[in-house]
Amino acid sequence: MLKKVAILIACIASFAFAEMPAQHANMSASDANVSNSVNVSLTKNLKVNRQLTPLARRCVECHAEKTPGVVADWKMSRHAHVGVSCTDCHSQPADSPMAAKEPHPKDTDNHISVLVSPKTCAKCHSNEVKDFENSGHARGAMQMQANKGIVDLMYHYEGRDIPDLKHAPDITGCSQCHGSVVKMDEHNKPTKETWPIYGIGTVYPDGGVGGCKSCHSGHKFSIAEARKPAACASCHLGPDHPDIEIYNNSMHGHVFNAEGNEWKFDSAPGTWAVPDYRAPTCATCHMSGGVGDLNSTHNVSQRLKWNLWQPKSNLRTGGNETAVSEFLNTGKLNVGNPLAGNLNGPEAARAEMKQVCKECHASTHANNFFEVGDKQVLLYNVYNDEATKMLKELKEKKLLKDDPWADAFQRIYYVSWHHEGRRMRQGALMGGPDYSHWHGVFEVKNDIREMREIYERRIKTGKIEE
C-alpha cells in the first residue's frame, strides 16, 4: 500500500512540474527564493510585489525593457534575494558630487548616478572595504596619476599630446586595470576620458576608492566568479606581470584547467576550503578564509612577504592608509606605506601564506619551496643593484638622454625590472618554472650585459652614442 501511495505522489509531482513554464521548471533553489519574494522575470508585464519601494519597482520594471541584461544579472544576485534594489546603490543626495543634475525619473525628486562608489558598498560591506583600503590594489589609480613618468608615457609619448586623442592610451588601457580618477562634466555625468572604467583602484568624486565590480562584475556580483582565475587574469597577464600565464605553467594551474569547472565556488565567505577545490586559485592563496584559523580578506597584499613589482624587491612592512582627499586636492600621492602588506610584518604574511599551502602540502614541502623562491628574489636584487648603480652614475655625469624612451640604456633598464625582472620573481614564488627561468633570469642576464656595454662606452668616451 505504501509503495502505491509513493508512486501516486511521484506522478502528481511530475504532472505539476509538467504544467510549469520552462523558466520556472529549470529554476535553482536560489531562483525560487527570488520568485517568491520579488517577481523579476524579464517580461513586459513585470510585477514586483515584496521588499521594494514603489520607486525601486519602477526602476526594475523600466530597466527590464530598457536594459534587460542588467535586470537579468540583478535577478540572479544575492542583492535581489534580500531586496537590495537599484535605488539602494544608485540614488544619491541632490548635493552629492556624483549626482546627475536632473532628477530621474523626471517626475520625482530622486537623483541618481551611474557611479557606485565603495562608500556605498561600505554601508553593508564595511570590513571588505576597510581590508581593500589597506591593500596594494587601493593605490592603483593614484599611484599611476601621481607618477610623472607614467603620465608622460600615456599622454606625451604615446598620446603625442594631441588634445582629442592623448587620453586614449590611458582610458582604453592603463586605467581599465589601475583605475581612473573619475571627473564629472557640466551635467555632472562622468567624462568619457575617465569612465566607463573597471580599474581596481578607481577614485570616485565622493572620495571612495576601489573597483568592487573589477572582480564581482555588475549587477550579479558573483562570489563564485571572483574566486576563479579569470577574475584576476583580465589585469594580471602580459609581458610585465603574466600571473595567469605563470599560474597555467604551474601544477596548480594544471589541476585547475583539468577539472576546475567541477569544483564548488559558491561556498559562504570564511568557509571556502578543501574539498571545495583540489588546487588553489588566486583567491584561495591571497584572500580565502576557512583555512585553519585564517579569516577571509580583501587585502590581497596581506599574505605577501615581498614587494615584487618595484625595481628592487623589498620586504613588505605594513599597511596602507589612504589619503584620498590630499590626492584629489593637490595631485600628490600620500597613501601611507608603499610596501602594503601584513600589519604584523613580512614574516607574519609568509606564515599566513604557508598556512594555505599546508592545507594540501607537508611543512617541509612549503618551507623548501619558499626558501628557494626567496633566493631567486635575492638573486634578482643583485642584478638590479648593479643596474641601478650604473644608472645613477650615468645620470650624475649627464650621460642619459632627456627622452628615456629614446635612450637605449634607460629602455633596457626599464624592461629589466618591469618585464623580465617581475617574471623572474613572480615565476619563482608562484611555481612557474618557464617564467622564472627562460622568460625571467635568462633575459635579466642578457639585459645586464647590454647595459654594461652601453655604460662602459659612455663612461670611456664621455658621450652618448647617436
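User: Where does Lys398 lie in the chain?
Analyst: Quick heads-up before we dig in: this is a predicted model. Lys398 has a phi near 55 degrees, a positive value in a residue other than glycine. As for its place, Lys398 sits in the loop between α21 and α22.

User: Is Lys398 buried or exposed?
Analyst: The cut-off for exposed is over 50% relative accessible area. Lys398 comes out at 72% relative accessibility, so Lys398 counts as exposed.

User: Which loop holds Arg160, the other residue here with phi near 60 degrees?
Analyst: Phi of Arg160 is positive, although the residue isn't glycine. Most residues other than glycine have a negative phi. At 66% relative accessibility, Arg160 is exposed. Its loop is the one between α11 (148–158) and α12.

User: How do α21 and α22 run relative to each other, roughly parallel or roughly antiparallel?
Analyst: The two helices, α21 and α22 (residues 408–429), pack at about 170 degrees, and their axes are 9 Å apart. Angles over 145 degrees fall in the antiparallel class. The pair α21 and α22 is therefore roughly antiparallel.

User: Which residues of α5 make the contact with α4?
Analyst: On the α4 side, the contact uses Val60, His63, Ala64, Glu65 and Lys66. By class, the residues of this contact are five nonpolar, one polar and two charged. From α5 come Pro68, Val71 and Trp74.

User: How many cavities of 30 Å³ or more turn up, and about how much space lies in the largest cavity?
Analyst: Searching the whole structure gives one cavity of 30 Å³ or more. The space in the largest cavity is about 50 Å³.

User: Which element gives the largest share of the lining of that largest cavity?
Analyst: The lining consists of Tyr380, Tyr383, Asn384, Ala387, Ser416, Val444, Ile448 and Met451. Two elements give two or more residues to it: α21 (363–396) and α23 (433–461). With four residues, the largest share comes from α21.

User: How many charged residues does the lining of the largest cavity have?
Analyst: By class, six of the lining residues are nonpolar and two are polar. The number of charged residues in the lining is none.

User: Is Trp272 buried or exposed?
Analyst: Trp272 is in the loop between α17 (251–259) and α18. Beyond four places in sequence, Trp272 touches residues including Arg227, Lys264, Phe265, Tyr277 and Thr284. Buried means under 20% relative accessible area. Trp272 has 2% relative accessibility, so Trp272 counts as buried.

User: What is omega near for the cis bond from Trp195 to Pro196?
Analyst: Pro196 lies in the loop between α12 and α13. For the cis peptide bond from Trp195 to Pro196, omega is near 10 degrees.

User: How far apart are the C-alpha atoms of Tyr204 and Val182?
Analyst: Tyr204 is in the loop between α12 (168–178) and α13 (212–215). Tyr204 is buried, at 7% relative accessibility. Along the chain, Tyr204 and Val182 are 22 residues apart, while their C-alpha atoms are separated by 5.5 Å.

User: What is the relative accessible area of His286?
Analyst: His286 belongs to helix α18 (residues 282–286). Setting aside neighbours within four places in sequence, its contacts are Thr297, Asn299, Val300, Arg303, Leu304 and Met353. His286 is partly exposed, with a relative accessible area of 24%.

Terms used:
Residues numbered from 1 in each chain as written. Predicted model: local features only at pLDDT ≥ 70, side-chain atom pairs only at ≥ 80, totals over all residues. Heavy atoms only, no water. 1 Å grid on protein atoms, 1.4 Å probe; cavity = no way out; pocket = protein on both sides within 12 Å on 5 of 7 lines; lining within 4 Å. Points joined across faces, edges and corners; volume = space filled by probe spheres on them. Nonpolar A, V, L, I, M, F, W, Y, C, P; charged D, E, K, R; others polar. Contact = heavy atoms within 4.5 Å. Buried < 20%, exposed > 50% of the residue type's maximum accessible area, 1.4 Å probe, protein only. Axes fitted to C-alpha atoms, helices over the stretch in contact; angles between N-to-C directions. Parallel < 35°, antiparallel > 145°, perpendicular 65-115°, else oblique.
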